[in-house]
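Let's take a walk through this fold by way of its side chains, looking at charges and rings in turn. Have the viewer open and follow along.

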Amino acid sequence: MRPAHLLVFLFIGLQTAYGDAREPINITVDLTDAPRKLLHAHLQFPVHAGTMTLYYPQWIPGEHGPTGPIENLAGVAFTAAGKTLPWKRDDVHMYALQVTVPDGVTILEARLDYLATADATGFSAGACTTPHLAILNWNLVTLYPAGTAANEITFRPSIKLPEGWHFGTALTEKVTEGTSIRFQPVTLETLIDSPVLAGQHFRHIELAPEVQPKHYLDIAADEAEDLAITNEQIAGFSALVRQAGALFRSRHYNSYHFLLTLSDSVAHFGLEHHQSSDDRADARMLIDGDFSNADLLPHEFVHSWNGKYRRPSGLMTSDYQQPMKGDLLWVYEGLTQYLGDVLATRSGLWTAEQFREYLAQSAAEQDHRPGRTWRSLEDTAKSAQISYADSESWDNWRRSTDFYPEGELLWLDVDTLLRKLSDGRKSLNDFCALFYGPSGDQGPEVLPYTLEDVVTALGSVQTYDWAGFLRGRLEAHGPHAPLAGIQQGGYKLEYNGDMNDYIRASDGRSGVNAWYSLGLTITSDGTVRDVLMDSLAYRAGLGPGMKIVAVNGLRATDAVLRAAIGETKTSKAALQFIVQNDDTFRVLSIDSHAGQRYPHLARVAGEPDRLAEILKPIVITPAPTKQTAIATHADNGREAALTISGPQMNAATAIKTMARTSADF
């Protein structure tokens with residue numbers, strides 16, 4: 001931000017006719033028109049006379065950028081004492097609206113509509129409604145007064161639902177009158193952090209019922225049959241709740257709601273919140289049992305600790321207009337990626353083999369990123385705000401949000417190194433208990449951290465030059481991914497002709513992944529999605545957006561392309577492609593004799609299987625008759641027990657108590 005802009009922000013922030021911050025702002029959102037992609041909001045602000053500046057949220061937590069969709073705001077009107085008041089937009093800061101409050105006015109009313117017409121892409125600004133459901137992220141319909149921090153402004157929220165709809169949210173319900181629901185007052189910070197999932201076809205499921213605080217899975221779907229979750233799936237999500245508590249030894253929320261939207265008509269992503277997560281997936285996610293998406297809920301759940309409770313100091317801003325700094329996103333997102341995948345496996349949502357196939361694919365993709373020769377991991381984190389909307393075209397040369405997958409490789413390296421240096425006595429589990437669990441169970445709070453805090457915590461677990469280690473990984477340039485964690489885990493990355501199970505599950509059913517053989521990926525209609533720099537496909541002249549019409553004289557279908565690539569292992573002839581590039585056609589040849597190649601992890605003989613130890617669940621065994629709980633981690637067989645006086649304590653709580661009383665656990 002240039003200094004001149006800073007003066008503009010400061011000037012705007014000083015202009016306010018906002019009243020007493022202790023008096024709540026009323027906000028009512030009418031969702032009855034959500035099926036036709038309209039959200040109606042009515043706000044009432046306590047005010048006094050003067051010029052008032054109202055902000056529309058610009059920088060959205062968890063989205064790491066200025067993604068507030070103000071272009072979809074419509075019908076904005078301000079009234080006071082029954083009279084319409086004129087307003088104007090600041091001519092520099094597009095998210096700031098100014099209105100003059102007349103003398104004697106104590107309540108300013110605002111009405112606005114949000115046009116939920118976006119495509120099913122992106123994050124919360126993407127498609128969020130269908131004829132049968134809606135996801136309300138309050139930042140879409142909220143204005144708030146300048147000059148006061150978000151955690152000092154109180155809102156009194158309410159919603160109106162279509163007839164027959166149900167809802168789930170981390171907000172506390174206060175009064176229900178028909179289809180209208182009023183919630184307990186919350187700060188603006190909590191409001192923005194508490195989406196509402198509503199729908200006609202809805203399920204509300206309690207998870208791990210013995211665990212406190214309570215956890216729920218709220219599911220909305222376009223079709224009732226898509227809600228058909230199995231007992232095994234519920235058991236897996238319940239195991240996730242238990243395993244996360246055992247890992248972090250703390251829970252920093254009053255309750256937790258997994259808000260799962262199953263629809264092919266909304267944007268698909270996961271967005272973290274402190275006491276809930278906004279998880280959106282294919283309509284048949286539960287029915288098809290696609291394991292490639294089974295890490296969605298674990299990832300966002302981990303964010304309640306890593307990203308919400310503990311947050312990089314550069315992401316700690318007083319309101320939603322101040323730019324965020326993403327230099328530590330390799331911790332925020334990279335560590336969450338790693339822990340989420342580990343917890344998915346410890347919970348049984350993935351098998352160990354599925355984790356290995358996923359890790360092989362992710363590591364191989366990072367190992368085929370020539371962009372790393374000019375761009376560091378740290379730079380991908382710093383530039384996150386401009387990277388999420390990147391095209392897939394030439395992405396391997398540009399690099400994008402690589403702080404997710406390369407961050408995961410970094411933290412696997414840390415975990416295996418801790419185990420190696422300590423001869424199995426220490427691991428990243430100890431770091432998580434130390435870094436995320438000191439204050440134990442309590443309601444939401446935010447504790448910022450710096451790189452130095454991360455280094456100090458790692459050093460407390462195991463003495464080592466962690467500052468040098470991390471700096472080396474963050475600033476590294478070179479053609480290959482950091483694979484030391486895989487090697488220390490007892491494996492190596494290798495390639496053969498057997499389809500990788502994760503590729504098959506994620507994109508192998510349609511289109512062709514020839515990234516590790518020819519150096520390109522192809523959609524089901526023959527369009528080249530991307531080409532690997534300096535690969536066989538690159539040297540042949542192929543580029544993103546071209547369309548492969550035929551191969552070896554046959555119309556190019558997925559089956560024909562896969563067969564042709566596979567036959568190159570025994571054929572002496574080059575592949576012949578007819579390629580369309582806009583209105584031109586060319587014949588391009590690729591002289592490959594390697595067949596198809598897919599990545600896998602192979603055991604290294606004689607090396608400890610540390611990866612297997614990492615993936616073993618934390619075993620929690622309560623002793624119901626003696627108010628005693630025993631917790632054992634399967635990776636080293638250590639066990640600790642503690643007898644608790646007073647009310648009986650479950651095993652997850654006992655683990656947290658042990659963390660504060662036993663240095664050996």
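In this predicted model, aspartate 413 and arginine 473 form a salt bridge, with their closest N and O atoms 2.9 Å apart. It's a link between distant parts of the chain: aspartate 413 is in helix 11 and arginine 473 in helix 14 (residues 466-475), 60 residues apart. Aspartate 413 has 2% relative accessibility, so it counts as buried, while arginine 473, at 27%, counts as partly exposed.

How many salt bridges does a search of the whole structure find? The count is 23. One of them joins aspartate 402 to arginine 369, where the closest N and O atoms are 2.7 Å apart. Aspartate 402 sits in the loop between helix 10 (395-398) and helix 11 (405-421), and arginine 369 in the loop between helix 8 (352-367) and helix 9 (377-382), so this pair ties together parts 33 residues apart in sequence. Both aspartate 402 and arginine 369 are buried. They also belong to a network of salt bridges with shared partners, which includes Arg372, Asp395 and Glu406.

Then there's arginine 529, whose side chain meets that of glutamate 392 in a salt bridge (3.2 Å, N to O). Arginine 529 is in strand 28 (residues 528-531) and glutamate 392 in the loop between helix 9 and helix 10, 137 residues apart. Arginine 529 is partly exposed, with a relative accessible area of 29%, and glutamate 392 is partly exposed too, at 48%.

Now for a charge without such a partner. Glutamate 272, in strand 21 (residues 269-272), is buried yet has no salt bridge. Why doesn't lysine 308 count as a partner? Lysine 308 is the nearest side chain of opposite charge, but it is 5.6 Å away, and a salt bridge needs the nitrogen and oxygen within 4 Å. What glutamate 272 does have is a polar contact with the side chain of tyrosine 332 (2.5 Å).

On to the rings. The structure holds 36 aromatic pairs. In one, phenylalanine 248 and tryptophan 305 have ring centres 4.4 Å apart and planes at 15 degrees, so the pair is stacked. Both of these residues, phenylalanine 248 and tryptophan 305, are buried. Phenylalanine 431 and tyrosine 436 pair edge-to-face instead, 6.3 Å centre to centre with 85 degrees between the planes.

Note on methods
Residues are numbered from 1 along each chain as its sequence is written. This is a predicted model: local features need pLDDT of at least 70, side-chain atom pairs count only at pLDDT 80 or more; totals for chains, interfaces and linings use all residues. Side-chain values use heavy atoms; hydrogens and water are left out. Helices (H or I, at least four residues) and strands (E, at least two) are DSSP runs, numbered from the N terminus. Buried means under 20% relative accessible area, exposed over 50%, partly exposed in between (1.4 Å probe, protein chains only). Lys and Arg count as positive and Asp and Glu as negative; His and the chain ends are not counted. A polar contact is a pair of N or O atoms within 3.5 Å; within protein, one must be able to donate a hydrogen and the other to accept it, and residues adjacent in sequence count only if both atoms are side-chain atoms. Rings of Phe, Tyr and Trp (its six-membered ring) pair if their centres lie within 6.5 Å; planes under 30 degrees apart count as stacked, over 60 as edge-to-face and the rest as tilted.
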